[in-house]
Amino acid sequence: MELLTKLEELVLIAVLKLKDEAYGISVYKFIACLTGKEVTVSSVYFPLERLVRKGFLMASKGKPTPRRGGMSKRYYKLTKSGIRVLQENLSLNITAWEDVSEMLKAFE
Amino acid sequence: MNKPPKLAKHLLKILSPHEGDEAFIGDIEELFHDRAERQGNWRSRRWYWREILKSIPQFIKESIRWRTTMLSNTFKIVFRNIKKQKGYFLINIAGLAIGMTSAIFIFLWVRDELSYDRFHKNADRIYRVVFSTSEDGSPTNANGSFGVGPALKRDFPEVVETVRIRKMGQGVKRYVGYKEKKFYERRFFFAEPSLFSVFDFPLVKGDPVSALTEPNSIVLTEKTAKKYFGSNDPMGQMMEADPYNDGELMLFRVTGIAKDVPPQSHFHFDFLASYCSLKEDTESFSGFYQHFTYVLLNDKSSAEFLNPKLLSFIHRNWRKDPWYTISLQPLLDIRLHSRLRSEIEPTGNILYVYVFTAIALFVLVIACINFMNLTTARALNRAKEVGIRKVAGARKNQLVQQFLAEAFILSLFAVSIAVLIVFLVLPVFNNLTGKNIPFSSLGTPVFLLGTAAAALIVGFFSGIYPAFFLSSFRPSSVLKSGPFSLASGTMLRKGLVVFQFFLSIGIIFSTLIVQKQIKFIQSRNLGYDKEQILVISLNKDLRQNYEAFRNELLKHPNIENTTTSSYVPTRGSAHLTFHFQDNEDDLSQVVYFVDKEFTSTYGLKILAGKNIHRSLTEEGSLAILVSELTTREAGYSSPQEAVGKSFTFEEYKGFIAGVVNDINIYSLHRLPHAITYLITPRTIHNYLSLRIRSHNISATITDLQKTWREMIPNYPLDYFFLDESFENMHLSDKKMSEVFSVFTILAVLVACMGLFGLATYTAQQKTKEIGVRKVLGASILSIYFLLSRKFLTWVILASFVACPAAYFFMNKWLQNFAFRTKIALEIFLVSAGLALAVSLLTVSTQSLRAATANPADSLRYE
């Protein structure tokens with residue numbers, strides 16, 4: 001299985017949850033909301049493109065609007081291998097985080 | 001509506017070369033508008049800028065990743081092409097490598113020439129005092145009188161320091177000995193102590209301030225010290241020497257060891273004796289000796305200010321009617337810009353620097369043209385590749401980049417080969433040019449950066465045109481089946497071939513002229529018989545026993561005559577002034593002190609009057625011989641008229657007894673000088689000249705050595721042949737001619753390689769056409785002409801342009817010589833014919849193969 005970085009993992013989750021509305025800004029806002037941090041657009045954009053190159057995401061062109069300076073949107077969808085890698089990472093995370101919360105309580 | 005900052009947006013567009021990046025630009029802009037509505041223009045613009053600046057590192061990372069991918073792809077394509085078309089690439093790379101090799105060699109040579117005397121810290125403030133005996137005051141002599149230096153320092157505050165050096169013997173070796181080690185030495189100087197403060201000649205042992213202050217002190221170079229003392233410490237040891245060659249041995253105490261003089265110095269010493277040990281009057285202004293004066297100025301601009309004041313300086317310090325003037329010559333001009341008599345060592349010539357640089361560039365240009373021509377000619381083979389790439393979405397500038405990268409890879413490859421060749425051939429090159437360029441100079445940063453830059457420049461120039469040419473094909477026309485014509489570009493290709501041959505023919509033409517001139521010089525009548533003269537340095541014992549020795553020699557059947565003289569042609573001269581009857585001016589004369597056998601030994605013709613017999617010191621009126629030129633300069637209408645005229649010279653008075661023909665005692669770069677011959681006692685003579693018969697010379701020399709050992713046992717025999725000595729004076733011309741020839745061959749070779757490639761290509765392209773023609777009955781000859789004709793017209797066209805251009809430049813070169821060969825029509829014909837023959841041979845191999853091929857083979861698959 002392929003290990004994902006935290007950011008890649010979040011981006012994939014965002015694309016999954018946003019369904020047909022997953023494009024640069026929506027993913028960016030999702031992540032900004034989730035982390036509560038001021039992230040830059042490029043820090044979301046480059047992982048998105050990297051995941052496309054790895055074959056986990058598929059990109060398609062949307063319509064250009066004047067608000068976007070005449071540039072079209074780029075929509076992202078999970079590919080089969082994208083879904084698989086997400087599943088694998090999910091089970092990995094569950095296994096890895098098991099009992100962690102219990103154990104952390106001991107330090108409080 | 002608010003707009004995002006223009007500059008930032010532009011920057012973003014430059015940064016993002018990929019199609020997907022459009023979405024990123026759009027996303028940012030959309031967010032910008034959201035923000036502008038909430039936060040106002042200024043804050044949202046700031047946000048926009050920040051976003052973009054933060055994205056820059058990511059973009060750079062991306063583009064590097066892409067480029068390496070593309071580059072590995074380009075490499076793959078290049079190597080596939082090389083495999084497929086070995087012949088073409090061999091020609092291209094070999095041509096470029098040869099071009100680069102010659103460029104690197106010439107670069108090394110030129111850098112060496114330009115670096116002369118630059119190792120002195122004060123180089124730009126050091127000047128040499130040069131002397132002029134010409135009427136317009138332009139410098140004529142590097143050497144001069146003794147007294148000028150100290151007087152200059154006394155009179156002008158701008159002169160910080162002066163150095164005077166006296167070279168002993170111009171070409172005559174001087175005896176130096178330490179115990180049993182006895183040698184004749186060529187580089188014996190007397191020098192003032194200031195030599196070490198003005199110049200940068202560091203001492204390994206001894207104190208630079210005091211080493212040359214005491215009389216009879218001497219400084220040796222490391223090499224010389226080793227020669228005489230081996231591993232022992234030479235400091236404080238006593239050496240004996242005979243610097244004046246008068247038999248009176250002087251003793252010197254070794255007070256210092258200097259580092260060996262770097263090759264890039266305009267003079268080299270082995271011995272430096274202290275100046276105060278000199279026997280001459282070192283304050284005197286009269287007479288020129290092998291004596292050189294250097295000054296260190298407070299500022300380099302002071303020379304301009306001083307030069308106009310020097311004539312009045314001579315008036316003030318010497319006399320009202322001086323027969324010479326002086327001027328200051330920059331130290332850094334000595335190697336390449338000085339053309340004076342009596343240089344300490346032969347100098348270089350700036351013209352050669354220019355000529356060699358031009359040749360290097362020419363060879364390189366010819367190689368670049370090969371590359372351009374072959375690549376564009378082969379465009380057809382690659383048209384399909386270009387078409388497919390374009391259909392697959394390659395943009396034009398991506399293709400340009402790809403083809404340029406190809407050119408860079410090839411030129412880098414060629415440069416690596418060239419550096420390897422240079423490394424291997426450097427000793428041969430050093431031998432050819434007489435230089436001493438070390439291997440280490442191939443490792444200096446300047447050299448490495450320079451060759452890398454050259455590789456890039458060559459790659460760019462040879463690749464730029466083919467890159468644009470190839471990438472401009474329309475996929476629709478190249479991918480369509482059926483014939484595809486490449487009409488565009490052929491004119492340029494023709495032009496380039498003509499230009500190549502223009503350069504090669506120009507170089508051939510120039511080489512022929514150089515060689516003709518060298519031959520002309522060697523065969524020129526100098527006015528004396530240089531072929532049959534053997535010269536021996538005189539020493540004390542020989543002077544005393546001369547008559548006996550002479551009588552012994554004359555018994556030998558192959559020795560015709562002997563004479564002694566103060567100088568011999570090619571080796572030094574003394575200039576003194578004479579006043580002749582019926583003439584108001586003092587005439588500067590080269591003075592030869594001789595004995596009465598001189599004219600017959602050297603084969604001089606007595607044009608009027610008779611030979612002289614009586615010595616200067618004997619009673620009675622003094623009789624002299626003068627050269628024909630003297631009689632003209634003195635204003636006499638004929639040699640006959642000159643006989644009997646009186647003259648005064650220093651404190652002597654006398655008359656002209658005879659007139660002899662002019663002889664060339666210097667190199668043929670100069671016109672002959674007027675010479676006066678006086679008979680003097682042998683004590684001031686330096687040379688014994690033997691006139692020998694030219695057969696069985698080695699036996700004559702063996703006999704001579706035997707006689708020498710018997711009669712002069714205390715000194716080793718040291719001799720040279722006059723014709724060799726004469727040839728050495730033209731050594732730099734000869735070297736230049738040899739180097740010239742080598743590079744000519746290279747230039748023509750590279751040009752022919754290109755022609756060969758083109759001819760092969762044309763023959764290939766026309767395989768079917770030739771097949772059809774032959775089937776229809778064309779003869780081999782007619783097909784041969786069809787294929788060769790156009791190449792030959794190019795060569796002929798080129799020779800028509802090249803010869804006049806080369807004529808123009810070579811005429812300038814010939815101006816360097818006082819005696820010039822003529823540039824005749826035959827040289828035009830020979831150089832054009834040579835180029836034609838070589839190119840015909842090159843083209844013919846391919847044309848003939850195509851013409852004689854069996855049409856059945858070429859048409860089989862139709």
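**Entry 1: chain A against chain B**

I looked up the contact between the chains and found 16 residues of chain A touching 16 residues of chain B. I note that the model is predicted.

**Entry 2: domains of chain B**

I turned to the domain assignment of chain B, which gives four entries:

- Domain 1 covers 6–81.
- Domain 2 covers 145–323.
- Domain 3 is written in two pieces, 350–522 + 730–859.
- Domain 4 covers 530–726.

I checked domain 3 and domain 4 of chain B as a pair, and their C-alpha centres lie 56 Å apart. Their contact takes six residues from domain 3 of chain B and five from domain 4 of chain B. The domain 3 side of this contact in chain B has four nonpolar residues, two polar and no charged.

**Entry 3: helix H14 of chain B**

I followed helix H14 of chain B along residues 445–471, a run of 27 residues. From first C-alpha to last, H14(B) reaches 37 Å, close to the 39 Å expected at 1.5 Å a residue. Where does H14(B) bend? I found a bend of about 40° at Gly463(B), with Pro466(B) following within four residues. Both Gly463(B) and Pro466(B) are buried. Other buried residues of H14(B) include Thr451(B), Ala455(B), Val458(B), Gly459(B) and Ser462(B). Towards the end of the helix I also noted Tyr465(B), Ala467(B), Leu470(B) and Ser471(B) as buried.

Technical notes
Residues numbered from 1 in each chain as written. Chains lettered and ligands numbered in written order. Predicted model: local features only at pLDDT ≥ 70, side-chain atom pairs only at ≥ 80, totals over all residues. Domains from an automatic or database assignment. Contact = placed C-beta atoms within 7 Å. Nonpolar A, V, L, I, M, F, W, Y, C, P; charged D, E, K, R; others polar. Helix = DSSP H or I, 4+ residues; strand = E, 2+ residues; numbered from the N terminus. Expected span 1.5 Å × (residues − 1). Bend = angle between axes of the 7 residues up to and from the residue. Buried ≥ 20, exposed ≤ 12 C-beta atoms within 10 Å, placed from the backbone.
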